Each structure stands twice: as C-alpha cells, then as structure tokens.
Amino acid sequence: EELDPFLSKVDVIDNFEIANIQFNKCIITTINNIELHFVSAYSSYMGSVDASIITTVMATILNIKNIYMIGVCGGRDSEVAIGDIIIPEESIAYQRGKLTEDSFSVDAISAKPKKIHKPNYVIDKDEELNKIASFIGKRKLCSVDMESYGIFRVGELLDINTMVIKSVMDLTNKKSDKYKPYAAYIAANYLYSLIYTEKIAFPIK
C-alpha cells in the first residue's frame, strides 16, 4: 500500500524474488531525459528486523549503494501535523537497558544517515512519547516509526547511503488509519519528485 503510489509513477519492467522477498526492476526518466534504473521492494511485516533484512539483501546481493525508504509514521501532536514530511537525521532505539528490581534503566542507541524514533510496538498516547523523549534526552522528538533505525544501522555497517522519507498519518493522541493512503501518497510523490528533478540527496548509481 505504501509503495503503490510510487510504482504507479514509474515504469516497472521486471520482477524477481530473493529469499522470499519480491523485487521490482523499475525505470524513471528524469526531467533532463536521463534514464535511471532502480530496484524496489516492500516488507510484508512492520519493524526494523524485516526492514534491515531487505536492506542487507539489496546492499550485498544486489550491490545497491543508495537505499531510499518511503512510508508513513506517527507524529508527536505538539510538533507535527498530518501530511508533514519527515526526513530523519537520526533514529533512536531505546529498548536497550537493564532491568532492576524496581525499574528499567534505558540505554538508548542511535543510528544516523534527528527527529524520528523506533519502537517495537505502537505508541498511542502523547504522554508516552513525551516520557520516551525525556528518557533518551531528545525533547524535540517529533515522530514515531518502526523501520528507520534498522535501515540506518545497516547503512552504517555496510557503508551505504540511506535516506528515509515518511509522512505523518496520525498523531499520538489520535491514532487512526484514516489518513494512511494520503500520507503514503505524499511520501511517494516527494521521493519521485526528488528523483525526477534530479535533486536527490546523493547520486544514483
């Protein structure tokens, strides 16, 4: 669903499978008539584990050096609005730490390519996101997603370029799928526009 708005704007010339992951070979012709070839894939499951597996396959088996991810995310009510585009400079994973008799001591880690967060579960209360932001010392935390950390971490380890583009589909105090198609459309078209106008953050090889 989140990839479909992007595929509808490009030429899909072939598809193939690796390790039960479906890939598409695609072409975009830019504003200056440059033909760019790329591979797209999507995960059937949410979360960093599957996202990092797909990223690793693309980087190692397919030798792709520039990885882009589009999709939707949740937003912190006081920081963003529905449809806002989020391009994180840092992703925080906060589930690490030590469990004592009466508390859990958070040991947050980050990966970079600042304002995005990776949980393993859905956060549906603004006060919960505020608490996490305070725990990890990122008071300007503005959005929540489940894949960015894994993609950025693979990028760090394998020395590849990564870029995540997400659009806010709901807010932490108003969880809903109502605007998911709209947010997916915004993120997909933003990436397509960057590529088509040749304004992408790093060269496509």
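Helices (H or I, at least four residues) and strands (E, at least two) are DSSP runs, numbered from the N terminus. The model is predicted: local features need pLDDT of at least 70, side-chain atom pairs count only at pLDDT 80 or more, and totals for chains, interfaces and linings use all residues. Residues are numbered from 1 along each chain as its sequence is written, and side-chain values use heavy atoms, without hydrogens and water.

The chain holds five helices and 12 strands. Of its 205 residues, 45% are buried (under 20% relative accessible area; exposed is over 50%, partly exposed in between; 1.4 Å probe, protein chains only).

Strand β2 spans residues 21-29 and pairs with β3 in the antiparallel sense, over seven bridges (pairing requires at least two DSSP bridges). The two strands form a hairpin with five residues between them. N33, in the turn, has a positive phi of about 65°. K25 lies opposite V39 in β3. Strand β3 covers residues 35-41.

A nonpolar surface patch consists of I82, Y179 and Y182, with about 270 Å² of accessible area together. Patch residues have over 30% relative accessible area and no salt bridge; like charges are joined within 9 Å, nonpolar side chains (Val, Leu, Ile, Met, Phe, Trp, Tyr) within 5 Å. A salt bridge places a side-chain nitrogen of Lys or Arg within 4 Å of a carboxyl oxygen of Asp or Glu. I82 sits in the loop between β4 (66-75) and β5 (85-86). I82 is partly exposed, at a relative accessible area of 31%.

Notes
Accessible areas come from the Shrake-Rupley method with a 1.4 Å probe; for residues, only the protein chains shown count as cover.
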